[in-house]
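Here is a short note for a colleague meeting this structure for the first time. Please read the points with the model open beside you.

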Amino acid sequence: MQYNFDQIINRKNTNSMKWDKNNQLFGRDDLIDLWVADMDFPCPEPVIKAIKERAEYPLYGYSFPPDSLYEAIVERLDRNYGWKIKKEWIVFTAGVVNGLYAAVAAFTRSGDEVVVQPPVYYPFYNAIKDNGCQILYNRLAFDGERYTMNFNNLEELFKPVTTFPVRVPRVKMLILCSPHNPIGRVWSTEELAVLGEICINNNCMLVSDEIHCELLVGDVKHTVTSTISRELEQQTITFMSASKTFNLAGLATSFAVIPNDHWRREYIKARAGHNSGNPFGYIALEAAFRSGDEYLRQLLSYLRANVSFFTDYIKNKIPGLKVVKSEGTYLAWVDMRNLGLNTLELQDFMRSKARLALDDGYAFGPGGEGFQRFNLACPRSVLQQALERLEQAVGEL
Ligand SMILES: Cc1ncc(COP(=O)(O)O)c(C=O)c1O
């Protein structure tokens with residue numbers, strides 16, 4: 001089937017988090033919404049068909065994931081990443097953020113430290129703080145073009161400090177974003193190997209959020225962190241989902257892969273009570289993994305063209321801004337520091353002058369100040385309209 005991603009589907013008045021919260025979240029209603037990470041595109045046809053068929057059956061009682069779903073996941077991870085997992089390693093969660101919260105709750109005690117690498121997806125911070133833990137920042141390095149991980153600084157975080165101010169490290173976990181939202185890096189096998197070694201050497205659990213793993217817009221390949229070595233596989237909990245790739249976020253169905261038997265038992269124990277999932281979520285996930293590849297092929301081609309369109313437009317017409325080259329995700333990270341606005345001025349400028357609903361860079365933590373995150377998963381005409389607003393607003397500054 002040929003998908004038409006240029007088609008504009010009205011999302012207003014559909015209880016859309018992205019389009020129906022403008023007044024409440026941004027203080028006005030005339031904005032173009034390019035913020036929260038879901039797509040303004042239809043879902044894959046095989047998913048819609050499978051959900052319709054299930055919906056026709058008039059009973060939506062407690063449900064469990066069928067064997068065929070486990071098999072679909074096992075097969076996909078092997079086929080796409082050469083990752084051979086056992087069915088028993090899979091634990092379903094009601095969304096990745098839900099699963100992350102449970103991981104922090106299960107494996108830390110109040111006061112423990114959890115490392116994140118900002119600027120990074122901000123719910124990581126909530127999952128840490130809300131569980132009574134401390135956030136440790138290992139800021140990504142940025143040379144003006146490209147972000148990299150700061151391994152020297154990371155190693156320092158595990159070392160005690162004996163001079164004033166004394167510090168006794170309590171680092172239990174590192175939450176990795178791979179590919180990295182919002183900066184769009186797809187971490188290389190080499191980078192992941194170094195990171196993994198540091199975690200192993202310091203007995204630090206690596207929680208790898210790989211929700212964007214299929215959304216590759218650059219000429220890169222995604223390496224599943226756990227495939228680096230058997231040892232690292234035992235040290236890592238991986239979170240995945242079909243929700244970003246196939247636009248199924250509202251179905252709140254995702255999964256963790258936990259090869260370490262002891263950790264898996266602990267995790268399941270900590271989630272006691274979460275023993276039934278959304279039947280439509282299971283059906284959609286399986287249909288997407290089994291029959292969604294043609295959709296994904298067309299989607300990636302459209303997204304890549306959107307990335308080029310967006311990048312070229314800014315380069316040619318709004319030269320004060322700079323788009324950071326992205327390898328993965330459908331998000332664009334734009335450096336606006338040249339505008340000379342402080343954090344709140346930039347936020348206000350985007351809302352009241354450019355009339356765009358975006359994610360403010362500072363929300364992603366240290367290093368995000370002066371940046372804005374754009375969601376490019378929308379029809380190109382919408383993107384064009386948004387860029388025209390931005391161009392005009394910057395021109396009037
Ligand atoms: C890195 C990352 N993890 C998790 C999520 C949210 O996942 P879920 O909706 O399954 O909780 C997002 C959504 O933007 C994300 O970018």
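**Notes on the fold and some local features**

1. **Helix α3 against helix α10.** On one side of this contact, α3 supplies S68, L69, E71, A72, I73, E75, R76 and R79; on the other, α10 supplies Y282, L285, E286, A288, F289 and R290. By class, that makes seven nonpolar, one polar and six charged residues. This is a predicted model, so please read every value below as computed from it.

2. **Geometry of that pair.** Two packed helices are described by the angle between their axes and the distance between the axes. Here α3 spans residues 67-81 and α10 spans residues 279-291. The angle is about 35 degrees, and the axes lie 9 Å apart. The crossing of α3 past α10 is left-handed.

3. **Helix α2 against helix α10.** Helix α10 also meets α2, which covers residues 45-56. The axes of α2 and α10 come within 8 Å and cross at roughly 145 degrees. The crossing of α2 past α10 is right-handed. From α2 come P46, V47, A50, I51, R54 and A55. From α10 come P279, F280, I283, A284, A287, A288 and S291. The residues of this contact divide into 11 nonpolar, one polar and one charged. A288 of α10 is listed in the contact with α3 and again in the contact with α2.

4. **The chain as a whole.** How many helices and strands does the protein chain have? There are 13 helices and 15 strands. The C-alpha atoms fill a box of roughly 65 × 60 × 40 Å along the principal axes. A compact globule of 397 residues would have a radius of gyration near 21 Å, and the chain's value of 21 Å agrees with that. Buried residues make up 55% of the 397. Take the contacts with a separation of 6 or more: 74% of them join residues 24 or more positions apart.

5. An unreviewed UniProt entry annotates residues 30-390 as "domain: Aminotransferase class I/classII large". Over residues 30-390, the chain is 39% helix and 16% strand. The end C-alpha atoms of residues 30-390 are 14 Å apart.

6. **V115, a residue in a strand.** V115 sits in strand β3, residues 113-116. Is V115 buried or exposed? V115 has 0% relative accessibility, so it counts as buried. Leaving out residues up to four places away in sequence, V115 touches L136, N138, L154, L157, V171, M173, L174 and I175. F310 is elsewhere: 195 residues from V115 in sequence and 33 Å away, C-alpha to C-alpha.

7. G395 belongs to helix α13, residues 380-396. Its relative accessibility is 64%, so G395 counts as exposed. G395 and P44 are 351 residues apart along the chain, with 40 Å between their C-alpha atoms. A193 lies in helix α7, residues 189-201. A193 counts as partly exposed because its relative accessibility is 30%. T227 is 34 residues from A193 in sequence and 9.6 Å from it in space, C-alpha to C-alpha.

8. **Cis peptide bonds.** Most residues other than glycine have a negative phi, and most peptide bonds are trans. P119 lies in the loop between β3 and α5. Another cis bond runs from S178 to P179, with omega near -5 degrees. P179 is placed in the loop between β7 and α7.

9. N13 has a phi near 60 degrees, a positive value in a residue other than glycine. N13 is in the segment before α1. With 73% relative accessibility, N13 counts as exposed. For N247, phi is near 65 degrees, also positive. N247 is in the loop between β9 and β10. Its relative accessibility is 12%, so N247 counts as buried.

Conventions
Residues numbered from 1 in each chain as written. Predicted model: local features only at pLDDT ≥ 70, side-chain atom pairs only at ≥ 80, totals over all residues. Heavy atoms only, no water. Axes fitted to C-alpha atoms, helices over the stretch in contact; angles between N-to-C directions. Helix = DSSP H or I, 4+ residues; strand = E, 2+ residues; numbered from the N terminus. Left-handed = near helix turned anticlockwise from the far one by under 90°. Contact = heavy atoms within 4.5 Å. Nonpolar A, V, L, I, M, F, W, Y, C, P; charged D, E, K, R; others polar. UniProt positions renumbered as here; feature names shortened; annotations may be inferred. Rg over C-alpha atoms; globule rule 2.2 N^0.38 Å. Buried < 20%, exposed > 50% of the residue type's maximum accessible area, 1.4 Å probe, protein only.
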